Amino acid sequence: MLVVVGVHAGKFAAERATPRIRSAARRLGITHPVVNDRQFRVWRSYGVQAWPTIAIVSPDGYLVTVRAGEFAIEEIAGIISRLADVHRATGDLDTSPRDFGIDPLGAGSEPPAGSALRFPGRILAQDDRLYISDTGNHRVLALRLLDGSACADQEPRAVIESVWGSGDEGFGDGRGEHARFGEPQGLATQAGVLYVADRTNHAIRAIRLADGAVTTPAGTGELAARRIVPGPGSGTSLRSPWGLALWRDRLAITMAGSHQLWTLTLDGRDMLEPLAGSGAEDITDGRAERALLAQPTGLATDEERLFFTDSESSAVRVVGGDSAPRVDTLVGTGLFDYGDRDGTGDEALLQHAEDLAWMDGRLYVTDTYNDKLKVLDPLSRLCRALPGGAGSGEALSGPAGVSASRGCLWVADTDAHRIVAVDPSTGAVRVLAIQ
């Protein structure tokens, strides 16, 4: 019998807190036991060097193999199968079922009864419409606001107008709730089409808003083996697409799994082309194709430059230039340099920032593991927490997505299973009531 035990050795300080690990396990659908290896004792005993790593241990306690990196489970299925055959023949394979019981600390990270959302990851605000990646429910929603400005005194309200996705994880085109998604994330619209970064399906999906038809202009539903090959989007495998933005008549994509930025043409050809990142993981500026990125996730644009969050380096970076695009860093200094500190340029510290929005000459950043919203001036590089609740670290819980519209910030407050409106001038947080 195969017994799976997860060992979580958190890189970031926030990742070592058991409640956050429990919330992440719920969000990812993990039901096997997970060890909080906060002092890296198990990590060191197995000689682990990188995240993720899989170790296979035989029934008699011997370490069979250690494998690092992202790969398809089929690559080690043969090892497990042969190991089981050997120990079945010797009679020392225990096939009795294992019941690890229910989490003794309960399901506190699950959404409350009646909640419309489960771990929402991204949001796109456009006038009186909100598009939401209801990530934990594997679907995408369109909401219509029922009030005026959400930054006014009254609590904002909205009604669900459209649902795309059956609610079950899968990969399939169709109309409305007949389509299937896998942990959808980034959103962008152009010419009546809502584009979705379908993360675990490693695909870009397109929703035709007029009739709700869902198609797949890029991706195959499978993880690209090593490197993504430029060319037609259909038939090309991707690696964990996360953020989307319309930029220079193309769809810009943060490919977190390959540490790169890509673009997809929207002229009917659906051609994929690399934009930035060599594919190696680090934080190094320079010519776009040679720069090193570290799990880019969020995107925003001022129509000229393309800003992005580099989550593993807790950085905010920018792509600029026409004839010879280059990458420059606004905040962030290294893969293991993180914290919670206001300041200018290299003085400022974030902790696993995930998304950002452009409004009135400034960037608003979800400082996810610090449970805060930060505001960044790209000219002076001054980065500071918003005042009030949004910048306190207490009013938000793992905020991941942010979008700006009509002078208001809309935030996917992921671990709290809700959408909130934030006044950028006061930092006041108001919960969106969804009917």
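These notebook entries record what I looked up in the structure.

**Entry 1. Ground rules**

I worked with a predicted model, in which local features need pLDDT of at least 70 and side-chain atom pairs count only at pLDDT 80 or more, while totals for chains, interfaces and linings use all residues. Residues are numbered from 1 along each chain as its sequence is written, and side-chain values use heavy atoms, with hydrogens and water left out. I took helices (H or I, at least four residues) and strands (E, at least two) as DSSP runs, numbered from the N terminus. I called a residue buried under 20% relative accessible area, exposed over 50%, and partly exposed in between, with a 1.4 Å probe and protein chains only.

**Entry 2. Helix α1**

I asked which residues of helix α1 (residues 18-28) are buried. They are Arg20, Ile21, Arg22, Ser23, Ala25 and Arg26. These buried residues pack against β1 (6-8) and β2 (34-36), where contact means heavy atoms within 4.5 Å. Just after α1, I noted Gly29 with a positive phi of about 75°.

**Entry 3. A cis peptide bond**

I looked at the bond between Trp51 and Pro52 and recorded it as cis, with omega about -15°. Pro52 belongs to the loop between α2 (41-45) and β3 (53-57).

I then followed a series of paired strands. Strands of a sheet pair through backbone hydrogen bonds, either parallel or antiparallel. I counted two strands as paired if DSSP finds at least two bridges between them.

Strand β5 (residues 122-126) pairs with β6 in the antiparallel sense over five bridges, and Ile123 has Ile132 of β6 as its bridge partner. The two strands form a hairpin with two residues between them, and Asp127 in the turn has a positive phi of about 55°.

Is β6 enclosed or open? I found that five of its six residues are buried, so β6 is largely enclosed by the rest of the structure.

β6 also runs antiparallel to β7, joined by six bridges, with Arg129 opposite Arg144 of β7. The hairpin of β6 and β7 has four residues between the strands. His138 lies in this loop, between β6 (129-134) and β7 (139-145), and is buried at a relative accessible area of 12%. Its phi is near 55°, a positive value in a residue other than glycine.

On the β8 side, β7 pairs with strand β8 (residues 157-164) in the antiparallel sense over six bridges. Here Arg144 stands opposite Val159 in β8. β8 in turn pairs with strand β33 (residues 433-434) in the parallel sense over two bridges, and Ala158 stands opposite Ile434.

**Entry 4. His202**

I also looked up His202, in the loop between β11 (193-198) and β12 (203-208). Its phi is positive, near 50°, again in a residue other than glycine. At 11% relative accessibility, His202 counts as buried.

Which order do the strands of the five-stranded open sheet follow? I read it as β19-β23-β22-β21-β20, with antiparallel pairing. β19 (286-287) and β20 (296-301) stand at the edges with a single partner strand each, so one side of each is left without a neighbour in the sheet. β19 is joined to β23 by two bridges, and Gly286 has Val327 of β23 as its bridge partner.

Arg317 is placed in strand β22 (residues 315-320). At 0% relative accessibility, Arg317 counts as buried. I listed a polar contact as a pair of N or O atoms within 3.5 Å; within protein, one must be able to donate a hydrogen and the other to accept it, and residues adjacent in sequence count only if both atoms are side-chain atoms. The side chain of Arg317 makes such a contact with the side chain of Asp310 at 2.7 Å. It also reaches the backbone oxygen of Leu292 at 2.7 Å.

**Entry 5. Gly339**

Gly339 lies in the loop between β23 (326-331) and β24 (343-344) and is buried, with a relative accessible area of 16%. Leaving aside neighbours within four places in sequence, I found Gly339 in contact with Leu349, Leu350, Gln351 and Asn370. Gly339 and Leu124 are 215 residues apart in sequence and 28 Å apart in space, C-alpha to C-alpha.
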